[in-house]
Amino acid sequence: MPENKIVNDTSEINIGIITPQALVNRTQETLKNFPNFKPIFRVIDSETVIPDITQELMNDVEVLIFTEYNAYKSVKKAINFTIPVHHMPLMGTGLYRSLSIIKSGYSLQCLSIDTVEEKYVEQILLELEEDNYEIFACKGSSQVDEVVQFHIVNYKSFRAVALTGIQEVSIRLSELEIPNEWVTPTQQDMTVSLERALLATNTRRNKESQIVFGLVNIDNFKGVVERYASEYDVQLLKLNVHQMLLDYTKLLDGHLINLGGEEYSFITTRGIFERETRGYKFIPLLQEIKNELGITISLGVGFGLTAAEAGNHARLALRQSKELGGNVCYIVREDRSVLGPVDITTHKQYERYNLAITDPYLLDKAQKAGMSAAYMTKLMARVSRQKKINYTAPELASTLNVTLRSANRILLKWTDAELVEIIGEEKVTHKGRPRRIYRLCFIEEDNQL
């Protein structure tokens, strides 16, 4: 990566993907598991001048990946890479799948292979309990014409089935009615390659060591204390909470601090926290404390480039957790975007929205509407994703995933706080009153669409 290249958006990593059209959908599906990647695709075919598009793409991305090894090999000879570059190797489940297809449709007794390494083919043939076979491997040449001719000779001479990692070779062999199988990476293969690409980026390496600050607060601590008959029992509870938090912090290779009373803090690094939470989706600590001690805690986690920034974001995240009723975790990242609530036991999908809209103006609006800023921002985020500002009550209920009665109540509060205005009515086909159409002015004013 050039020294003068600056990645402005620390929450996204531009990745260039050079691939034939046939692998675009599979790659896009796999990328759903990598939310930090912002992909820029370049689709190639037999007419594409791959070095030219690669050279151009390097100026816009932090890492490059080729889904076909042959394209990567040809470019590697032509240009000097200034950023990390990867290809998806044909040695895993994709190769196993292709050999299984050949076994069921043809025979594995004679194979003509290119791009794929012979040792990996032999390893899979051993697993398939094949011991009577012959392999002809194309070595050195990456020119499509030469590779095609290699397979033609082997087919005419030995009736060999072609195993190729080059789509263009497969197309031309099929046109000649020569049996062949194009080896492509499966989603599992792609996942492994994308993980390696992610770890190679400067943005990722910087984030691995980024400070993570956590704040833990015992929910309704005053009420909890009143349940115990003696000070001894209260101190024993605190000791048990401290021990469980200490064990959890040890998993994070972090440092725990008792802030007194019902609050604790911990410090760790982002890489460890991400791995232990399985990508910010799994925090069993909350459920374990509830099950073992009969109490609940709220957790706020902050990311930041400095300890002060991470600590401030943790406090904002804890406020979100407390306002939601506790027993949850929220995360505020370095760009003040919010992840949460993080599910405590499963891989449930969380919401993601921007905390930056929680400015003094919005806080005043939320107060007038009789709702917390956290709830207000969540509602705004959900509505914003719909890319519309005009709603009937049933439409808003569906968007916010609340009952129609709740939607009407929210609209009434927003109308009183001058956050929405009635702009018309919608006639209904069945009997009943026309539905009012509301314009959500606060969305429009804050440019959330």
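Me: In this predicted model, at what angle do the axes of helix 6 and helix 7 cross, and how is the pair oriented?
Reply: The model is a predicted one, and in it the axes of helix 6 and helix 7 come within 10 Å and cross at roughly 45°. Angles under 35 degrees would count as roughly parallel and those from 65 to 115 as roughly perpendicular, and the crossing of these two helices is right-handed. With an angle of roughly 45°, helix 6 and helix 7 are therefore oblique to each other.

Me: Which residues make the contact of helix 6 with helix 7, and how do they divide by class?
Reply: Helix 6 and helix 7 form a right-handed crossing. Helix 6 contributes Val144, Asp145, Val147, Val148, His151 and Ile152, while helix 7 contributes Glu168, Val169, Arg172 and Leu173. By class, the residues of this contact divide into six nonpolar, one polar and three charged.

Me: Where around helix 7 do its buried residues lie, on the same side or on opposite sides?
Reply: The buried residues of helix 7, which spans residues 167–175, are Val169, Ser170 and Leu173. They cover an arc of only 100° around the axis, which puts them on the same side of helix 7.

Me: How are helix 1 and helix 8 oriented to each other?
Reply: Helix 1 (residues 24–31) and helix 8 (residues 187–200) pack with their axes 10 Å apart, at an angle of about 60°. Helix 1 passes helix 8 in a right-handed crossing. The two helices are therefore, in orientation, oblique to each other.

Me: Which residues of helix 8 does helix 1 meet, and how many residues of each class are in the contact?
Reply: From helix 1, Arg26, Thr27, Glu29, Thr30 and Leu31 take part, and they meet Gln187, Met190, Thr191 and Leu194 in helix 8. By class, the contact of helix 1 with helix 8 has three nonpolar, four polar and two charged residues.

Me: Is Arg409 buried, partly exposed or exposed?
Reply: Arg409 has its place in helix 18 (residues 404–416), and its C-alpha is 9.5 Å from that of Ala393, 16 residues apart in sequence. Buried would require under 20% relative accessible area and exposed over 50%. With a relative accessible area of 44%, Arg409 is partly exposed.

Key
Residues are numbered from 1 along each chain as its sequence is written. This is a predicted model: local features need pLDDT of at least 70, side-chain atom pairs count only at pLDDT 80 or more; totals for chains, interfaces and linings use all residues. Side-chain values use heavy atoms; hydrogens and water are left out. Buried means under 20% relative accessible area, exposed over 50%, partly exposed in between (1.4 Å probe, protein chains only). Helices (H or I, at least four residues) and strands (E, at least two) are DSSP runs, numbered from the N terminus. The arc is that of the directions from the helix axis to the C-beta atoms. Axes are lines fitted to C-alpha atoms, for helices over the stretch in contact, and angles run from 0 to 180 degrees between N-to-C directions. Angles under 35 degrees count as roughly parallel, over 145 as roughly antiparallel, 65 to 115 as roughly perpendicular and the rest as oblique. A crossing is left-handed if the near helix is turned anticlockwise from the far one by less than a right angle, and right-handed if clockwise. Contact means heavy atoms within 4.5 Å. Ala, Val, Leu, Ile, Met, Phe, Trp, Tyr, Cys and Pro count as nonpolar, Asp, Glu, Lys and Arg as charged, and the others, Gly among them, as polar.
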